[in-house]
Amino acid sequence: MTGRNFDQLLSGAVDAVLETMFFAASLGPAESEIGADFLEARLAFRGNPSGTLGVRLSAASARLLAAGFLGEDEETLTDLQLGQVVCELANMLCGSLVSKLEDQESFALASPELVPAASENAASSQAPPTACQSFELENGIITITLRLEGTA
Amino acid sequence: MALNIMIVDDSPVMRAFIRKVVGLTGLDVGEYCEAGDGEDALKLLKERWVDLILTDINMPNMNGEEFVRRLESDELLRTIPVVVVSTDSSHNRVQQMLALGAKGYVTKPFPPEALRDEVERILGVSQ
């Protein structure tokens, strides 16, 4: 995996997924946001390479993206729907990204899971990410974290 | 004649998205029928007939690959056209699913018109 421009791959995946499925756009790179009101989803993938992908964004950003995805008013969306949309966003970002890592091989993607807020600190005990990038959205920041096995 | 369409995906919001996109095609849809995995889908197909199946691959219990295999092994169910809607865009996976019997393949993320075009191609309709 050496020599790959992971930042470019992440950026391309974010643009593709947000524009085609969420009718939203990344406004460019940003500093990661610190705060309490966040939603985070993670999923593992198996293939060559294997790893995990995490997606973290503010509840306000999640609500805006979910409204675009489902074609519904933000006010009518439930917390359950927000969580499901963030999981689906992680799923599509992961699929889009791994297909760029290796376009011939199939990858097995696990089901995305929401990370409980209380366990967010556990991330600090994980291996350092292979790539981590934040992007500015219309009303917040989205942060994508990629960890590939054997590259720490 | 109105078409009955089955959507098989473990994500309820993805099923809602697909329903919305199919709604935008202008197709005359009678009923949508939804399942969270291949196993549930096969149970539903014992009770009702559908004209088109849109299925994900990565699902719990019975994934899309096994689901399409089961459909193809049934004399009646194999006549229902299947379109795979998946994040897996690898060449090998696409070829594998088409070889198993799927009639179309749409990779997520996709613009609404990509799904519409694939559905119209397979059903032989043009709006």
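**Note on the sheet and helices of chain B**

1. In chain B, strand E3 (residues 52-55) and strand E4 (residues 82-86) pair in the parallel sense over three bridges. Strands (E, at least two residues) and helices (H or I, at least four residues) are DSSP runs numbered from the N terminus, and two strands pair if DSSP finds at least two bridges between them. Opposite Val82(B) in E4(B) stands Ile53(B).

2. The model is predicted, so local features need pLDDT of at least 70 and side-chain atom pairs pLDDT 80 or more, whereas totals for chains, interfaces and linings use all residues. Residues are numbered from 1 along each chain as its sequence is written, chains are lettered from A and ligands numbered from 1 in the order written, and side-chain values use heavy atoms, without hydrogens and water.

3. Five strands of chain B form an open sheet in the order E2-E1-E3-E4-E5, with parallel pairing. Strand E2 (29-35) and strand E5 (104-107) of chain B are the edge strands, each pairing on one side only. From one strand to the next, the twist averages 20 degrees.

4. Helix H2 (residues 38-45) and helix H3 (residues 64-72) of chain B pack at about 30 degrees, their axes 9 Å apart. Axes are lines fitted to C-alpha atoms, for helices over the stretch in contact, and angles run from 0 to 180 degrees between N-to-C directions. H2(B) and H3(B) are therefore roughly parallel to each other (angles under 35 degrees).

5. Gly38(B), Ala41(B), Leu42(B) and Leu45(B) of H2(B) make the contact with Phe67(B), Arg70(B) and Leu71(B) of H3(B); contact means heavy atoms within 4.5 Å.

Conventions: Parallel < 35°, antiparallel > 145°, perpendicular 65-115°, else oblique.
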